[in-house]
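Visitor: I'd like to learn how to read a model like this one. Could you walk me through it?

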Amino acid sequence: MTLRNLIATFVGLTLLAWSQTHAAPPVRPVAAADYQLVDRLTWGANASELARFQQLGRAAWIEAQLRPATAAALPPAVAAVLDAMAGAAEPMGKRATEMEAVRYGAVHTSDLEEQRRKYAPYQMALRAGTIEVQARTSLRDLYSQDQLREQMTWFWFNHFNVRLGMPPLPLLVGDYVETAIRPRALGRFCDLVDATLRHPAMLIYLNNASNMAGRINENHARELLELHTMGIGSGYSQTDVQELAKVLTGAAVDLKTWPVPDPGPGAGGSFRDGLFVFDPARHVGGGKTLLGAPITARGYGEISEATAILCRQPATARRIVTKIARFLVADAPPPALVDQMTATFVKTDGDITAVLRTMIGSPEFEASLGTLFKDPQHYVTSALRLAFDGRMVSDTVWMARQLAILGQPLYGRGTPDGYPLDALEWSSSGQLGDRFKVADAIGRGAQWLFVVPGQPPAPAIPPELQAVVARLGLDARLAPETRAVLAEARTPREWNMLFLSSPEFMRR
Amino acid sequence: MTGEDFALDRRMLLAAALAGPMAPVARVLTAPPGTPRLLVLFLRGAYDSASVLVPNGSFYAEARPTLAMARGGPGGAVPLDGDWGLNPVLAPSLLPFWERGELAFIPFAGTPHMSRSHFETQDIIEFGQPLGRDRDTRTGFLNRLAAELSGNSPMAFTNRLPLVFRGPVPVPNVVPSAGATLINPRRNSQLTRMYAGDKTLGTQVNEGIAAQQLVSAALAEEMVMAGGGAITGIGVEKTTRGMGTVMRGAPSLCFADVGGWDTHVNQRGALDFRLGVLGRGLAGFAEALGPAVWQDTTVVVISEFGRTFRENGAAGTDHGHGTTFWVMGGGVKGGRIVGSQVKLTRAALNQDRDLPVLNEVRSIFGGLFKRKYGLDAERLERVFPGAQPLDLGLL
């Protein structure tokens, strides 16, 4: 049995009962503006979320998205699945160090056959890690009530991008998402900078793990300035890159020691937190100068001093809020809105919830609803949320594959800049053609989402989208061209494909 | 070609695609013999140019204690002239082109822009606008070229439409692999009508239907010709063969990209592997085009910048400046290393770090376009505002 089947079996069996009994709650038709608001702040409006919206009322629903409660965001059955995954049961460090020992043993074996045999568990672990982190995120995106937090988790991962496909990152990225990013997705921006910078996934991905005195590697330093904080052309120089690279020397990853010592300062200025180590022997001594500000030589403490300087730059504030607005308002956000969001960012020392509140309350946000082109992640997730609301997905691998086909595999962006956000990057002729194929696959029932190993494959059941759309009052708001073509549909499957291919469903 | 003529062509393409059976599509859409063809291949991530066009000399050996290749001998760089050699992993695939005079290199190439940011520099090269003024992000240089040409049909062999093709001329994008499939006529008609009123997406939907049809037809024809076999090769090699097959038909102004060249750590083995695949891919592309069309074809291989001349502490290289462009084609006057050059000493390095840019990307392409398409100064100015075309005598 493959790993995929193992996970699918577990998810499938746990949720089978739920999937057969759970039905979407009743919902009254909603005003266009309310539908679009829910559609924008979530991974896609559906009957369940609209029912919650109607129950809470607009203001309380927005507030619940901005300040989610700590518990009960997931249906209990989904929460049980996530809790039972290996990443939750076993700390990242244990698995990563065990597997590093396996890898080390394999590469130091001369006999090729023996090497292949020894290497197999490592490759299995990488594959399992990949499936697991994608499954965990996909289930949250599909079923969590904390939809804005889940959207912002995707956004920040993309901002602090690492490539899941780079060994040993499949062993680390689950922890990166769950401990470095999600808990801070609606918190302070600078906390995200600090947490992602110290995470082993980032240190390995951007090569800082091998950045040391006498062997400078400036990759991480450059991206910290260019991508994570200030942005290109905002006033830093090649010298600043080199100075920051010196500050970061010694920050590395220890994949050999388990159990890890207690977190905190150690002998001779060393510092440790889980797999993260700061080794003063590898650190470039002496003072540094970053953006004209002196940084006193003091080893590990220099890193936080440097990130604080970067987070306080006006260029950082403007760039970060602009990016948020491009994700949630428009490709070219109105300057007045960006000004307001920047002011909030500066006033609150980078409080992301405060910035989002300013954004949501603005007339520019209101005016933009329904006009943003969905990237593949939004497209696929929103289609599945709408089509299979109340029906539990038992295998998320099919979903991951659709995202890969559409050019946006989850956590799979190869370069540190993250996926682009503009519509132009996702709406080329070839991409739309691929999207129509995905629309057809979902429209016919996407039976691979519901595979339960050990049971005969279920026949594809086309979702009853026409009824859902009518119940939510969406059909009246479709363009005449769309309605005319939908009226030609001969089968539910064809109706589904056409609706999911329509210009209206391409936007949020 | 004016916008009007172009629109007519697109309509014909679309009409042919919507008409149904695929074989006639391929025949209708074959370009007349002698149509100039261009493929720009972008190596994204800044490939280490000194590991392709290998410098000769003691400074190179000093700067790269673990990475330097010997000159000549087994496993050593194949000497091309007194100053340069070719990475031996490229010799089986590319040396024959060099020896036939169908391959040239332009070292010290790139943009003067010096942020050493992959993303910024790729954008700057693709937009092809003069530096030092507000960036115009509406058009890329291949889209502006398409607007100046008649009888040329643009196509991007990429998953996304690259910036270089952004602009008013509609450009379809298709990756010509086995996954290209037909969309049925009923559905094509439904989609076209549903998007008839959509100002931003309508054109792309129609473009996509036409392009999918065309590529599927070309690949299907190829499979029939190959006696029922699929197009050979894997990954990049398979795609480049598919590109050659498609460019035997109407698409003649094309772009593709290959990523994964950002080699900060232990670069030797992984880089050699990638280069080997790329070399075989280019040879397969030429083979798929066939000798007649290859005569009309020019391939330009570019990258955003070069890498540090010295290796870093991890047997890799960091972001640099000048790189090496490759120019290939049946009609190329190659077997030469062209453009301004400088003797590679420490003093010649840019900021004591990387290679200088002596041959500017816009001038290089301007010079190639002038020769290839006979563009006059006025039309060249619209493609590359303010650039002086550099005539390297390659075409």
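Visitor: Leaving aside neighbours within four places in sequence, which residues is A:Val173 in contact with?

Guide: Quick ground rules: this is a predicted model, where local features need pLDDT of at least 70, side-chain atom pairs count only at pLDDT 80 or more, and totals for chains, interfaces and linings use all residues. Residues are numbered from 1 along each chain as its sequence is written, with chains lettered from A and ligands numbered from 1 in the order in which they are written. A contact means C-beta atoms, placed from the backbone, within 7 Å. Here A:Val173 touches A:Val133, A:Val162, A:Leu164, A:Ala201 and A:Tyr411.

Visitor: How many residues does the largest nonpolar core have?

Guide: A core is a set of buried Ala, Val, Leu, Ile, Met, Phe, Trp, Tyr and Cys residues joined through C-beta atoms within 7 Å; buried means 20 or more other C-beta atoms within 10 Å of a residue's own. The largest one has 245 residues, and A:Val173 is among those with the most contacts inside it, along with A:Leu244, A:Met359 and B:Cys254. Helix α8 of chain A (112-143) contributes the largest share, ten residues.

Visitor: In what order do the strands of the open sheet run?

Guide: Strands are DSSP runs of E, at least two residues, and helices are runs of H or I, at least four; two strands pair if DSSP finds at least two bridges between them. In chain A the order is β1-β4-β3-β2, with antiparallel pairing. β1 (251-253) and β2 (264-265) sit at the edges, each pairing on one side only. Two bridges link β2(A) to β3(A), residues 271-273, and A:Pro265 has A:Phe271 as its bridge partner.

Technical notes:
Buried ≥ 20, exposed ≤ 12 C-beta atoms within 10 Å, placed from the backbone. Contact = placed C-beta atoms within 7 Å.
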